[in-house]
Amino acid sequence: MKKLLASLLACIIIIAGFAQPAVSLRPKLVVGIVVDQMRWDYLYRYSDRYAANGAFKRLLQDGFSCENTMIPYIHTVTACGHASLYTGTVPAIHGIIGNDWWDNQINNYQYCTTDAAEKTIGSNTVAAGAMSPRNMLTTTICDELKLATNFKSKVIGIALKDRGGILPAGHSANAAYWYDSKSGNWITSTYYSKELPPWVNGFNKNKLVDSFYAMGWKTLYPINTYTQSTEDNVPYENKVLGSGFPYTFTQLIGKNYNPVLATPHGNTLTTLFAKAIINNEDFGADNITDFLTISYSSPDYVGHSFGPNSVEQEDVFLRLDKELGELLDFLDNKIGKNQYLLFLSADHGAAHVPQFLNDNNIPAGSVKPQPLFDTLNVKLKEKFGRDDLINAIINYQVVLNNSLIDSLQLNKKEIKQWAIQYAMQQSGIINALDIETITQSPLNSSIKEKIINSYYPKRSGDIQLLYAPQWIDDFESTGSTHGVWNPYDSHIPLLWYGWNIKPGKSNNEVYITDIAPTLAALLKIQMPSGCTGKVIEDVVK
Ligand SMILES: [Zn+2]
């Protein structure tokens, strides 16, 4: 009897021991932040101007920085970046090979998240909400969190850009919201719900964009202190917002909700909406981990319009630093210090404006795919009798009209060879490669691997075009872009902060695809279904 009592007592002690929530298995909340078009060097380029209570200094000092985080595939654009980060794999496996692609099955262009089966919820703009994550073939880390908690975790993804909100949140998300630039509303699609929650309707009714327009855009500090950047209003800057600082937008109030995208107010709109989600959807309120994915789209719009060396871009990052610092304060107060896990990264970087580089004796230029497409088809007609042998030039690839070539029994090898020869004559194109035989090409092995990592046959082209370094796609004499393998597009920041993160930094080379498996290790959940990345040991030890 005594023995029985003793063992019963021992059992009670053991059970009580297990019930002690000494170390929680998971954080209350995960916040994933992607800054669209944030080059790694922006962490340091403006660092003497970042605020002590801003985010970048705090994340670098109190968090863990993976200084050499690279993108391991060739096509560095928004959709690929968000999908690869959250699925832990490359476009060849998750299937999101571009923002748009030529779909070889439907024989037409396809936008990454367009889904004709779904409808807009939250505005009357028909196309803006016909969206879903269905083109993404694998789960994201958010889906895995849902599966791990029997769908008790709440997951929401937000971004001004639809693809920046939809792809990270995954297939089983509670919601994804994005910005409809026609109505100025945050919207969603029937994929997620039949109506907006009342609080989102309330948020939209405030028409914050109008109050941002009333404020205009002045530089945060006196403009003569922006010595990191080229003087304002140079000829190669886009004039979409007007002619340089200070910008006034009062004429847009109630009329045009698009230009806000290319201003720092777009970031503020995103942060305010993120806070509203945490408040209204009770994120992080219990011990079941929730996941909020936030993508800041405005730095990308600003970068495209003004380039990485502009006062506009510098001002956007000085402001974002302060604003993200306030978001950290908000999370510390609301969720609790070290009760949430946060990471910050980017979907891609950006090239400098070619004219800016030329002005400084650095070689650069632009390739225009549309005229190349037109002339290629005309030239192929002279040789093979048809002017429709190429479907598209998209994502730096020539897409052959394979079904037509097969039905006419034309010599595909000869057509390819001919197109390759012609493309290589164009300035800025240093190589054109038959993707089918890429493994046999005499090409740098890491670039070869990046091409293979981007290749998904149903959505990819047949010939890969490689541009000279600093040469960009479709340059219209103003602004810049991104999309290639080179470091300016593929070297991104990666900072970890909060729950179970020890301060430090590493210069080991890691990849955007390593973020999801590292999250899986930290959260003790399965890696996403197509994951090929590796756990970043430095972060979890
Ligand atoms: Zn972009």
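**Exercises on a sheet and a helix pair**

In this predicted model, 4 strands form an open sheet in the order β12-β13-β15-β14, and their pairing is antiparallel.

**Exercise 1.** Work out which strands stand at the edges of the sheet, each with a single partner strand.

*Solution.* Begin with the order of the strands, which reads β12-β13-β15-β14. The edges are taken by β12 (390-394) and β14 (429-434), each of which has a single partner strand, so one side of each is left without a neighbour in the sheet. From one strand to the next, the twist averages 20°.

**Exercise 2.** Describe how β12 is joined to β13, and find the residue that stands opposite alanine 392.

**Exercise 3.** Decide how helices α11 and α12 are oriented relative to each other, and list the residues that make their contact.

*Solution.* First take the angle: α11 (residues 298-306) and α12 (residues 311-334) pack at about 165°, with their axes 9 Å apart. Angles over 145 degrees count as roughly antiparallel, and the two helices are therefore roughly antiparallel to each other. Their crossing is left-handed. On the side of α11, the contact is made by Ser298, Pro299, Val302, Gly303 and Phe306, while α12 contributes Glu312, Gln313 and Val316. Sorted by kind, the residues of this contact comprise 4 nonpolar, 3 polar and 1 charged.

Terms used. Residues numbered from 1 in each chain as written. Predicted model: local features only at pLDDT ≥ 70, side-chain atom pairs only at ≥ 80, totals over all residues. Axes fitted to C-alpha atoms, helices over the stretch in contact; angles between N-to-C directions. Parallel < 35°, antiparallel > 145°, perpendicular 65-115°, else oblique. Left-handed = near helix turned anticlockwise from the far one by under 90°. Contact = placed C-beta atoms within 7 Å. Nonpolar A, V, L, I, M, F, W, Y, C, P; charged D, E, K, R; others polar. Pairing = 2+ DSSP bridges.
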